[in-house]
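I opened this one to see what the coordinates would tell me. My notes are below, in the order I looked things up.

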Amino acid sequence: MSNQLNGHDPSIDGRPSEHQNGNTNGHRRTPSNATEKVSPARPTSAEYLRHVISPGAARVHPETERSVDLDDYFSGPLDPTKHSKLPYFMRLHGSILPKLVMPIIFVAGWATAVTVISEKVHSLAVDSLLLTVLGFVVGLSLSFRSSTAYERYAEGRKFWAQMTLHSRNLSRIIWIHTSEREGEQGKDDLLAKLSAVNLILGFCQAVKHKLRHEIEADYADLEPLINHLDTFAKRARASDRSATSHNLNISNRSKLQTWGEHLGLPFCESNPQKSIKVARRQGKHHGNLPFEIMNYLSAYFEHCIKNDTLAGPCWQGQISASIMLMMDAYGGCERVLGTPLPLAYNIAISQITWLYVLILPFQLYAKLKWVAIPGTIVAAYIILGIAAIGREIENPFGRDVNDLDLDRYCTSLQIDLNVLTSSPAPKADAWLKAPANAPLWPYSLSSYDSWKVRPEDQIRQALKEKVDHQGVKIEDLADSAKRVEGHRGDV
């Protein structure tokens with residue numbers, strides 16, 4: 001496992017270090033960091049250890065921690081650890097407003113032109129009955145657009161939660177219920193278990209990149225986990241664009257293109273499937289990396305069953321079920337990604353909303369005169385804003401501000417797996433007979449050993465009396481959030 005020490009990334013709290021992701025401003029991450037690739041040149045083990053344990057490797061500079069890149073402010077996903085004290089109607093980060101700047105400017109100019117012509121040249125006012133008729137159609141269209149988009153967003157989150165749940169369960173079975181043999185074979189079993197747990201994380205990372213149309217295998221958060229596997233993506237790497245060229249292309253993106261995309265200009269948006277088109281044009285095939293990783297993981301379980309380190313039939317059944325459900329979640333995510341709202345619906349809804357907005361100043365002028373200009377702008381913001389939100393969350397796996405934070409989900413899973421593997425499988429006797437174990441709490445604070453020396457009838461009687469003491473007396477409900485001073489480390 002190159003670029004790792006004791007199974008952990010050289011980072012703080014499981015978050016990639018500045019050295020890893022190229023982040024020099026102390027910011028959480030930019031959209032490009034998660035797509036950066038690993039250069040083939042790597043430091044030796046001694047050089048890497050010196051980097052990891054050096055005093056400056058993990059130093060955080062407060063002045064750079066507070067710096068904010070304006071480009072990052074309009075990209076996402078949102079960081080849930082950052083708390084804003086502004087009311088929702090005053091927040092910009094996460095709002096759809098930046099992508100509506102150019103459309104609103106156009107609508108404002110259009111409404112101004114219609115109003116000026118009506119005032120100075122000839123009245124262009126039409127009957128407001130048209131406003132009522134078209135308003136019903138627009139409301140129906142936007143309701144359909146929003147409901148289908150959020151349904152896809154919610155489904156994507158459910159499928160990823162299912163994948164995370166069964167990844168943890170599968171890792172727990174590997175670490176706790178797969179035995180380790182004596183002697184040198186025991187070390188082989190331990191390293192094999194760690195390798196299998198890494199493949200589970202690698203599977204989730206590979207799914208994340210696949211859903212973002214990133215077909216290569218040498219991304220910084222994926223390559224160290226699967227570099228030892230023989231996959232189609234690895235075979236195609238020799239003819240892929242180099243990691244240096246790929247990373248420079250991300251970092252050297254023009255400001256015009258970046259800000260044009262932030263402001264919702266369609267001609268500035270990049271094609272997320274460009275790498276797939278290039279590979280298809282060159283006749284290359286990168287395979288289905290998550291599926292290939294799961295094949296290797298299945299082979300590991302077959303190996304464990306044959307050497308009797310995983311002998312329990314119930315655990316074998318759970319493993320088979322977890323693998324099936326992880327693949328089911330992966331297939332569900334692919335279904336959400338691959339079946340957007342039909343193009344005809346998107347075109348029709350876009351045309352209906354824009355037609356309604358463009359007709360608005362003609363209908364508002366008769367009664368509002370010059371106020372028709374701000375009235376049209378407000379109405380356009382509401383209508384176009386709802387439509388834009390539907391477009392943004394329709395694909396929940398991207399890098400828009402309101403998309404699912406797949407990078408954070410994978411990092412959270414990585415931390416969970418590191419915690420799991422940080423200590424040997426617990427022995428029941430060790431924690432059952434611990435001095436701090438109070439099996440009859442809150443009726444009694446006596447320890448396990450204290451109750452063990454008493455007659456069974458007394459224990460049974462205490463269990464009956466425990467019913468009257470089952471509620472912990474808390475005078476104020478707010479006290480339930482308070483912590484208790486106690487013996488630390490007394491296990």
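**Ground rules.** I'm working from a predicted model, where local features need pLDDT of at least 70, side-chain atom pairs count only at pLDDT 80 or more, and totals for chains, interfaces and linings use all residues. Residues are numbered from 1 along each chain as its sequence is written, and side-chain values use heavy atoms, with hydrogens and water left out.

I checked UniProt, where an unreviewed entry lists "transmembrane region" for residues 100-118, 124-144, 343-364 and 370-389. Such annotations may be inferred rather than shown by experiment, and the positions follow the numbering used here, with feature names shortened. I found residues 343-364 to be 100% helix and 0% strand, with end C-alpha atoms 32 Å apart. Residues 124-144 come out 76% helix and 0% strand, with their end C-alpha atoms 32 Å apart. (Helices are DSSP runs of H or I, at least four residues, and strands are E runs of at least two, numbered from the N terminus.)

**Helix pair.** How do helix 7 and helix 17 pack? Helix 7 (residues 184-211) meets helix 17 (residues 406-421) at about 175°, axes 10 Å apart. Axes are lines fitted to C-alpha atoms over the stretch in contact, and angles run from 0 to 180 degrees between N-to-C directions. The two are therefore roughly antiparallel, a label for angles over 145 degrees. Contact (heavy atoms within 4.5 Å) involves residues including Leu194 and Lys208 of helix 7 and Asp407 and Leu417 of helix 17. I count 8 nonpolar, 3 polar and 2 charged residues there.

**Cavity.** My search found 1 cavity of 30 Å³ or more. The largest cavity holds about 90 Å³; 11 residues line it, and among the closest to its centre are Asp218, Glu223 and Arg237. (A cavity is a set of points on a 1 Å grid over the protein atoms alone where a 1.4 Å probe fits but cannot get out; lining residues have an atom within 4 Å of a point. Points join across faces, edges and corners, and volume is the space filled by probe spheres set on them.)

**Backbone.** Trp441 and Pro442 are joined by a cis peptide bond, omega about 5°. His213 has a positive phi of about 60°, in the loop between helix 7 and helix 8.

How values were computed. Angles under 35 degrees count as roughly parallel, over 145 as roughly antiparallel, 65 to 115 as roughly perpendicular and the rest as oblique. Ala, Val, Leu, Ile, Met, Phe, Trp, Tyr, Cys and Pro count as nonpolar, Asp, Glu, Lys and Arg as charged, and the others, Gly among them, as polar. On a 1 Å grid over the protein atoms alone, a cavity is a set of points where a 1.4 Å probe fits but cannot get out, and a pocket is an open set with protein on both sides within 12 Å along at least five of seven lines; lining residues have an atom within 4 Å of a point.
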